[in-house]
Amino acid sequence: MIDSNETIEEFLAQHASDVEEAIRKAAASEIMPRWRRLAAHEVDQKSGPHDLVTDADRKAELYLTEALVALLPGSVVVGEEAVHANPASYGAIRGDAPVWIVDPVDGTRQFVRGEAGFCTLVALAHRGTLLASWTYAPARDRLATAQRGKGAHLDGERLFAGAPEPGRDLRVATSHPDYTTDEEKHALLGLGADGVAPRPCGSAGLEYLAIARGESDAVAFSWEAAWDHAAGLLLVEEAGGTHLTLTGEPFRIAGGNALPFTAARDAATARRVVNLLSGGA
């Protein structure tokens, strides 16, 4: 078993391209053949009509689970669909083994509708620290990657989040109303202030990528599921951005965060969004 961050870095130096290949193969074999070809029996509900799962989600996660553990013996996988089947498996994020955090199809509603706004998310973490991430949009064949301390890249080109243009409304993607409690809705209403342009988010992974590219300024999210956030949070960090919870602390993938939280292009924007979520002006 890997027992230090240094040896995981060595693993990444040798095998990051193999991880990328596994993600591309999972998408090519299990996701894209079903895109715009889903039969009714291949789509199910989980918690309700807005929480969908498809055969593409299940089969791609199984493919990635086998491939990633084979690449890094002693590692474990925390995947969205496996945790749905066995919630206790989420606790592996807080364990000592290296953990792959996997969302096989992030943006399942868009996938089911035949839209291109979905992606596959994979992150590698150890003892609560994010070390590497992959965000792959297979319908667009675009891959964003990040390694701690080594920057963020999109199709091999370095990403820099930059800072919002002075005087322009902040572009902020927020938790979709279908997924928020009354208390969370009240907090998100703070983003209705002058100088802010909030909108419901699409795929969380692609929203994080938009921040890393400087196309969006921030997100304000009210849920903790690590598979939605892990890959994107590292991508934003390595592009020069940051993330904060309502208590002003960085978001922790192991949970226990004060919500909603934000990820933003720069620290000033993150502080502004948290202030608005907290009821400030």
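Residues count as buried under 20% relative accessible area, as exposed over 50%, and as partly exposed in between (1.4 Å probe, protein chains only). The structure is a predicted model, in which local features need pLDDT of at least 70, side-chain atom pairs count only at pLDDT 80 or more, and totals for chains, interfaces and linings use all residues. Residues are numbered from 1 along each chain as its sequence is written, and side-chain values use heavy atoms, with hydrogens and water left out.

Aspartate 141 has a phi of about 50°. Aspartate 141 lies in the loop between β6 and β7. Helices (H or I, at least four residues) and strands (E, at least two) are DSSP runs, numbered from the N terminus. At 45% relative accessibility, aspartate 141 is partly exposed. Arginine 36 also shows a positive phi, of about 65°. The loop between α1 (5-31) and β1 (43-48) holds arginine 36. With a relative accessible area of 59%, arginine 36 is exposed. Most residues other than glycine have a negative phi, and most peptide bonds are trans. The peptide bond from leucine 259 to proline 260 is cis, with omega near 0°. Proline 260 sits in the loop between β13 (242-245) and β14 (261-264).An open sheet is built from 7 strands in the order β3-β4-β5-β6-β7-β8-β9, with mixed pairing. Two strands pair if DSSP finds at least two bridges between them. The edge strands, β3 (76-79) and β9 (157-158), each pair on one side only. Strands of a sheet pair through backbone hydrogen bonds, either parallel or antiparallel. Strand β3 runs parallel to β4 (residues 99-106), and the two are joined over 4 bridges. Valine 76 has valine 99 of β4 as its bridge partner.

Helix α2 (residues 55-71) packs on the sheet and touches β3, β4 and β5 (119-126). Contact means heavy atoms within 4.5 Å. The direction of α2 makes about 155° with that of β4. Axes are lines fitted to C-alpha atoms, for helices over the stretch in contact, and angles run from 0 to 180 degrees between N-to-C directions. Helix α7 (residues 226-238) also packs on the sheet. The strands touched by α7 are β3, β4, β5, β6 (129-137), β7 (142-147), β8 (151-154) and β9. The direction of α7 makes about 100° with that of β6.

The model has 17 salt bridges, each defined as a side-chain nitrogen of Lys or Arg within 4 Å of a carboxyl oxygen of Asp or Glu. One of them pairs arginine 127 with aspartate 96, with the closest N and O atoms 3.8 Å apart. This pair links distant parts of the chain, 31 residues apart. Arginine 127 is in the loop between β5 and β6, and aspartate 96 is in the loop between α3 (80-85) and β4. Aspartate 96 is exposed, at a relative accessible area of 51%.

Arginine 113 forms a salt bridge with glutamate 115, and the closest N and O atoms are 3.0 Å apart. Arginine 113 is exposed at 52%, whereas glutamate 115 is partly exposed at 34%. Arginine 168 and glutamate 165 form another salt bridge, the closest N and O atoms being 3.8 Å apart. Here arginine 168 is partly exposed, with a relative accessible area of 27%, and glutamate 165 is exposed at 52%. Salt bridges with shared partners join Glu165, Arg168, Arg171, Asp217 and Arg265 into one network.
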